[in-house]
Amino acid sequence: MWYHKPAINEELLQSLPNLKVIASSGVGIDHLDLKLLSSYGVKVSNTPFIVSTDTADLGMALMLASSRRLVEGHEMAVSPETEYFPADWLGVEVSGATLGIVGMGTIGYKVAERAKAFEMKILYHNRNQRKKEEENAVGAVYCKKMDDLLQQSDFVLLAVTLTPQTCKLIGKRELELMKPTATLINISRGLVVDQDALVEALQNKVIRAAALDVTYPEPLPRDHPLLKLKNVIITPHIGSATKKTRWVMMEEMAESIEAGLAGRPIPHEVL
């Protein structure tokens with residue numbers, strides 16, 4: 001499966017009686033009905049670890065691009081109507097700012113490692129607190145309540161898995177807890193954020209900006225209000241989109257398929 005296609009439903013499973021394994025690209029499995037697949041004896045694998053480095057890099061890229069208004073700056077620099085660069089055209093600082101990471105798994109931790117180099121104060125919220133030595137290595141402080149993280153952070157970065165518990169984790173209430181100068185960065189799944197609430201928050205300056213690698217649906221309808229806002233950067237779900245990573249993803253998927261067909265243990269099987 002690539003980009004969640006083809007859609008796996010009962011009709012497809014009934015038409016493929018010899019199906020043994022589904023190899024899905026990336027880490028997310030929210031598009032798969034694991035109980036249904038298990039009832040048909042079909043095993044599932046993904047590629048969870050290879051995507052983490054590139055996705056963390058993109059998270060930092062979105063933070064920097066949004067804070068320094070790179071897209072707007074490029075448009076100004078190349079516009080045929082530009083006659084001068086205004087002296088009061090300003091961004092906000094990343095170095096020394098407070099970054100709140102929601103979801104401190106492999107990707108979230110790699111973001112923290114990068115943010116440390118920018119001398120950022122790092123807060124994180126996770127289902128489970130990391131080991132003290134892991135926290136100390138990046139200078140991260142655990143927030144048991146996400147509300148505390150939202151209230152203190154200049155940048156809030158979402159790196160959670162999409163589950164029923166995290167669907168629309170960030171809504172109107174959570175956005176209103178954030179600083180009016182804060183930026184929301186989403187590198188997880190679009191449905192983790194209530195998009196209608198986000199549009200309203202951006203339009204009314206409840207928060208400063210948003211930088212999104214994911215939306216729902218993907219792509220957004222061409223008349224969607226998020227596409228018309230100056231304080232939003234949207235990229236086309238490219239967290240893992242580098243040549244090396246995509247090549248390794250394909251290799252891992254092929255290995256899982258070969259193992260499944262041969263009856264061997266499947267690498268990165270989703271249990």
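Reader: Why is E135 called buried?
Author: E135 has a relative accessible area of 5%. Buried means under 20% relative accessible area, exposed means over 50%, and partly exposed is in between (1.4 Å probe, protein chains only). The value of 5% is under 20%, so E135 counts as buried.

Reader: What kind of model are these values computed from?
Author: This is a predicted model, in which local features need pLDDT of at least 70 and side-chain atom pairs count only at pLDDT 80 or more, while totals for chains, interfaces and linings use all residues. Residues are numbered from 1 along each chain as its sequence is written, and side-chain values use heavy atoms, with hydrogens and water left out.

Reader: Where in the chain is E135 found?
Author: E135 is in helix 6, residues 132–138. Helices (H or I, at least four residues) and strands (E, at least two) are DSSP runs, numbered from the N terminus. The chain has 10 helices and nine strands.

Reader: Which residues does E135 touch?
Author: Leaving out residues up to four places away in sequence, E135 touches Y124, Q129, R130, A140 and Y142. Contact means heavy atoms within 4.5 Å.

Reader: What makes E135 and Q129 a polar contact?
Author: Their side chains meet at 2.9 Å. A polar contact is a pair of N or O atoms within 3.5 Å; within protein, one must be able to donate a hydrogen and the other to accept it, and residues adjacent in sequence count only if both atoms are side-chain atoms. The distance of 2.9 Å is within 3.5 Å, so the pair meets the distance limit.

Reader: Why is the pair R130 and E134 called a salt bridge?
Author: The N to O distance between their side chains is 3.4 Å. A salt bridge is a side-chain nitrogen of Lys or Arg within 4 Å of a carboxyl oxygen of Asp or Glu. The value of 3.4 Å is within 4 Å, so the name applies. Side chains of opposite charge can pair when their charged atoms come close. R130 has 21% relative accessibility and E134 has 24%. Each counts as partly exposed.

Reader: How many salt bridges does the structure hold?
Author: There are 11. One of them joins K230 and E75, at 3.8 Å, N to O. K230 lies in the loop between strand 8 (209–212) and strand 9 (232–234) and E75 lies in helix 4 (residues 70–78), so this pair ties together parts that are 155 residues apart in sequence.

Reader: How many aromatic pairs does a search of the whole structure find?
Author: The search finds two. One is W2 with Y3, an edge-to-face pair at 6.4 Å centre to centre with 80 degrees between the planes. Rings of Phe, Tyr and Trp (its six-membered ring) pair if their centres lie within 6.5 Å; planes under 30 degrees apart count as stacked, over 60 as edge-to-face and the rest as tilted. The angle of 80 degrees is over 60, so W2 and Y3 are edge-to-face.

Reader: Why is the pair Y124 and Y142 called tilted?
Author: The planes are 50 degrees apart and the centres 5.2 Å apart. Y124 in strand 4 (residues 121–125) and Y142 in strand 5 (residues 140–142) are 18 residues apart, and the pair links distant parts of the chain. Y124 is buried at 1%. Y142 is partly exposed at 21%.

Reader: How do you know that the radius of gyration agrees with a compact globule?
Author: The radius is taken over C-alpha atoms, and the globule rule is 2.2 Å times the number of residues to the power 0.38. For 271 residues a compact globule would be near 18 Å; the chain has 20 Å, which agrees. Buried residues make up 45% of the chain.
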